[in-house]
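This note is intended for a colleague opening the model for the first time. The points below go from the chain as a whole to single residues.

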Amino acid sequence: MVRTPPPDGSTLTAARGGRLDVPELPTLDPGITLLSTEERATGPLQALVLDHLLLQGGEALWVDSHGHAQSQLLGRLAPSRRVLDRVRVARGFTPTQHATLVERLPERVTPNTSLVVLPAIDGQYRGDELPREDGRELFLRSLATVGRLARERDLPVLVTRRRDDEFGAPAAAATDATVACERTEFGPRFRTEGFETLVYPGEPDGTVQTTLAYWTRILEARDPIHGATATPDEDREPSVSSAGAEGVW
């Protein structure tokens, strides 16, 4: 973590040609996009999901694993709490539960679905609940379902891996695009084949905020560009539409 007080809006802009631009985030195109990070991807993942919903509208279907869909964190990130009502989460805590949720995804997709999210897509299949080969087979089956869903419904699917190793390699092989998020001395930076974030200067000593507040400020700055008209309801606790292992979104 780089130490600095939370930046104000002006620290999250970059001058280009004499004008100020808000921070840029990569867009999510139809197909499977792998978000690759050097550490746990909760902040960058949630920022990309909320930015996509603000930009494209619609709902996100989120099959959670290892606690990435945290309501409190999403509530802190979202510039408008109403956008959280469009994040529909189901959680699988075992390999079979996760595989069942993935299997049911095609029937849960509606014309209003604009994004599918599967963090740690390999995570539940690595445990001791199943022999390694059975877990791998179930993982590959789930990955194939996700690939068909992305192709047949022309949907963006955002995934992360628990670990970058031989077991998780099929997830990378199945992706259509990779978004790398790396920590630099100037703060987090997204990179894709045709995109790289700008560097946003922070305090006079050159430090920037790399905690959750960083992603909050980015989304607050980008919210007017998306044309969001919803206003926060300060009396309501932030929440996401959620379900447990039963798989009913």
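1. Of the 249 residues of the protein chain, 52% are buried, where buried means under 20% relative accessible area, exposed means over 50%, and partly exposed lies in between (1.4 Å probe, protein chains only). The model is a predicted one, in which local features need pLDDT of at least 70 and side-chain atom pairs count only at pLDDT 80 or more, while totals for chains, interfaces and linings use all residues. Residues are numbered from 1 along each chain as its sequence is written, and side-chain values use heavy atoms, with hydrogens and water left out.

2. The protein chain comprises 6 helices and 11 strands; these are DSSP runs numbered from the N terminus, helices being H or I with at least four residues and strands being E with at least two. Among the contacts (heavy atoms within 4.5 Å) with a separation of 6 or more, 80% join residues 24 or more positions apart. The chain exposes about 11900 Å², of which carbon and sulfur atoms supply 46%; accessible areas come from the Shrake-Rupley method with a 1.4 Å probe, and for residues only the protein chains shown count as cover.

3. Helix H1 covers residues 42-56, and its end C-alpha atoms are 21 Å apart, in agreement with the 21 Å that its 15 residues should span at 1.5 Å a residue. The expected span is 1.5 Å times one less than the number of residues. Of the 15 residues of H1, 13 are buried.

4. Which residues does leucine 50 contact, leaving aside its neighbours within four places in sequence? They are Leu74, Leu77, Ala78, Val83, Leu84, Val87 and Leu219.

5. Threonine 216 lies in helix H6 and counts as buried at 13% relative accessibility. Not counting residues up to four places away in sequence, threonine 216 touches Arg76 and Leu77. Its C-alpha atom is separated by 9.4 Å from that of leucine 74, 142 residues away along the chain.

6. Histidine 98, in helix H3 (residues 95-108), is buried with a relative accessible area of 0%. Its side chain makes a polar contact of 2.8 Å with the side chain of tyrosine 125. A polar contact is a pair of N or O atoms within 3.5 Å; within protein, one must be able to donate a hydrogen and the other to accept it, and residues adjacent in sequence count only if both atoms are side-chain atoms.

7. Most residues other than glycine have a negative phi. Alanine 120, in the loop between E6 and helix H4 (132-153), has a positive phi near 45° and is buried at 1% relative accessible area. Aspartate 154, in the loop between H4 and strand E7 (156-159), has a positive phi of about 55° and counts as exposed at 53% relative accessibility.
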